[in-house]
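Please walk me through this structure. Begin with the way it divides, then go into its core.

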Amino acid sequence: MSPPYHFELNASGRCGTINCKKGNLVLEVDWEMSGVPDKDILLAPMDLTHWASGEAVAKAEQRTILEHLRTWLAGKKTRADIDRPTKEIEDSATCVWSGCEEPPLKGFAYCGNHYDDTLLKK
Ligand SMILES: [Zn+2]
């Protein structure tokens, strides 16, 4: 089975867009070139709330798109500010998100899922 999302990066100078396609649906995310040495492009906060057609994107799918986009960028060796800062987790704490009992990422207040939410526009 082919992945449900197809990404395409368009550049014009130091910025551009990444198109995310799912079937007939398209979503456009703006990016700009990073000024910091350990990142290539800056994307956050990403507006994944609506397809270009106006249909809303459910929160769960926004997280899925974010995850697919990360994988796609990693495959292109493009470092972005939407990458998880660490894979390590804190053993002795819980995420500060109300009601969440997951351990936070090491050095961060949020667990992986809720860290991702901070990268997404509400
Ligand atoms: Zn959490």
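What follows moves from the domains to the core and then to one residue within that core.

This is a predicted model. Eleven residues of domain 1 are in contact with six residues of domain 2. On the domain 1 side, the touching residues comprise six nonpolar, two polar and three charged.

Now the core. In soluble globular proteins, nonpolar side chains tend to be buried together. Here the largest nonpolar core holds 15 residues. Cys20, Val29, Leu43, Leu69 and Ile82 have the most contacts inside this core. Strand S2 (15–22), strand S3 (25–33) and helix H1 (59–75) each contribute at least two of the core residues. H1 gives the most, with four residues.

Take Cys20 as a way in. Cys20 sits in strand S2. Is Cys20 buried or exposed? Cys20 counts as buried because 23 C-beta neighbours lie inside 10 Å, and the cut-off for a buried residue is 20 or more.

Which residues does Cys20 touch, leaving aside neighbours within four places in sequence? They are Tyr5, Phe7, Leu27, Val29, Ile65 and Leu69. Leu69 shows how the chain folds back on this site: Cys20 and Leu69 are 49 residues apart in sequence, yet their C-alpha atoms are 8.4 Å apart in space. Cys20 and Leu69 are also both among the residues with the most contacts inside the core.

Note on methods. Residues numbered from 1 in each chain as written. Predicted model: local features only at pLDDT ≥ 70, side-chain atom pairs only at ≥ 80, totals over all residues. Core = buried A, V, L, I, M, F, W, Y, C linked by C-beta atoms within 7 Å. Buried ≥ 20, exposed ≤ 12 C-beta atoms within 10 Å, placed from the backbone. Contact = placed C-beta atoms within 7 Å. Nonpolar A, V, L, I, M, F, W, Y, C, P; charged D, E, K, R; others polar.
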